[in-house]
Amino acid sequence: MDLVNPTLVLNCGSSSIKYALISEDGESRIEGLAEALGNNDARIKHTHLDGTKEEISLPGATHQLALKKILNLIEQYHPVAVGHRVVHGGREFSSAVRVDDHVLSEIKRLSILAPLHNPANAAGIEAVQAIYPDLPQVAVFDTAFHQTMPEVAFRYAIPKELYEKDRIRRYGFHGSSHAYVSNRASELSSKNGKHGWLVAHLGNGCSATAVYDGQSLDTSMGLTPLEGLMMGTRSGDVDPSLHIHLHRTLDLSIEEIDTLLNKKSGLLGVSGLSNDMRTVEQAAKDGDKNAQLALNMFAYRVGKYLASLSCALPELTGIAFTGGVGENAAQMRADILSVMRHFGIKIDESKNAETIRGAEGSFHAEDSALELWVIPTDEEFQIAHESRMVLGL
């Protein structure tokens, strides 16, 4: 096991840095998480190449201090490049790009579309620049994969000036995950020729995408990650007039409504218990009616969205599930597919039950009209791959 010409992948959040150092062939990696940055309990949880784990306390550490420590931990492996997950690339970036002054300034400018994420992504880039100014960096945008959507899919039915001048449109997210999973599904499929996939990325954040021949044709998330599916704490689709209704009737501010829909809704809001699918499932088994309703709503809304997204595909090969829920909640997968009862889907129940805990595999019966796959996502590998492609490595 060795790390030959590795690429460092960074996913910088407002108070965290998720990182992975991935070998050229993708077979070996070091990974870790710096969390609670800026607080007294800031720390790095690091997994070495041999799998041993280490926790390092860094009280009050900034992003730059944490990155300096991370780079010290991996400096013996000599990374050849850094690939950054950047949440929003607007309509300016339709693919990964090498970071220069212009790209960095655009990432900062696009913070208006992702105020919680892009500033942290830019801070990560600047921290690496300060420590290793000659190390090439690449920005891989969550939104870029969805830039192949046709205008009929990405435009909102609002005055065109808002699109032309203010960039108000559907962008989509989880692009690296949807790209990786759809490509992997095509590699695994027994069908020859072009493939049409419905990819369900189901975790605390959830999105679904229609992918044909490697291109996103429609997706569930929109201008922001709030649109679309019911999620752990996000509401997904609601009546747009809910905002004004809550303001008029309960005197809630825009900020309070935004917090309600993003952080207090979804599985958490309906169940009144938790945003964790496992907790809600156990409560439902124990007879909690609100928990059961939350599960039923989640399954129905995902199934309904997948069915509608099939309209974007010239042909439909199958459905691929990924994310913490998509990879591990076998009963939820079955419940989602039962909503799509007109699609000729037939599940191999034993395979479905077995394909959990990181397992990759199919769970369709031999006479199923559609292929069914569970594919653990690997966004870090996808980011490393795209970064190497951009740099010609």
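Does His146 count as buried or exposed, and what is its relative accessibility? In this predicted model, His146 comes out at 0% relative accessibility, so it counts as buried, the cut-off being under 20%. His146 sits in the loop that links β8 to α4 (151–154). Setting aside neighbours within four places in sequence, the residues in contact with His146 are Arg169, Tyr171, Gly172, Phe173, Gly175, His178, Thr209, Ser216 and Thr219.

Now for the sheet. Eight strands make up an open sheet with mixed pairing, and their order is β5-β4-β3-β2-β1-β6-β8-β7. At the edges are β5 (53–57) and β7 (97–98), each of which pairs on one side only. Strands β1 (residues 7–12) and β2 (residues 17–22) run antiparallel and are joined by six bridges. Within this pair, Leu10 has Tyr19 of β2 as its bridge partner.

Helix α1 (residues 63–74) packs on the sheet, where it touches β1, β2, β3 (29–35), β4 (43–47) and β5, and its direction makes about 20° with that of β2. With 12 residues at 1.5 Å a residue, α1 should span 16 Å, and its end C-alpha atoms are 17 Å apart, which agrees. The buried residues of α1 are His63, Ala66, Leu67, Ile70, Leu71, Leu73 and Ile74. These cover an arc of only 155° around the axis, so they lie on the same side of α1. What they pack against is β1, β2, β3, β4, β5 and α3 (118–131).

Another helix, α2 (residues 101–109), lies across β6 (81–86), β7 and β8 (137–141), and runs at about 35° to β8.

Note on methods:
Residues are numbered from 1 along each chain as its sequence is written. This is a predicted model: local features need pLDDT of at least 70, side-chain atom pairs count only at pLDDT 80 or more; totals for chains, interfaces and linings use all residues. Side-chain values use heavy atoms; hydrogens and water are left out. Two strands pair if DSSP finds at least two bridges between them. Helices (H or I, at least four residues) and strands (E, at least two) are DSSP runs, numbered from the N terminus. Contact means heavy atoms within 4.5 Å. Axes are lines fitted to C-alpha atoms, for helices over the stretch in contact, and angles run from 0 to 180 degrees between N-to-C directions. Buried means under 20% relative accessible area, exposed over 50%, partly exposed in between (1.4 Å probe, protein chains only). The expected span of a helix is 1.5 Å times one less than its number of residues. The arc is that of the directions from the helix axis to the C-beta atoms.
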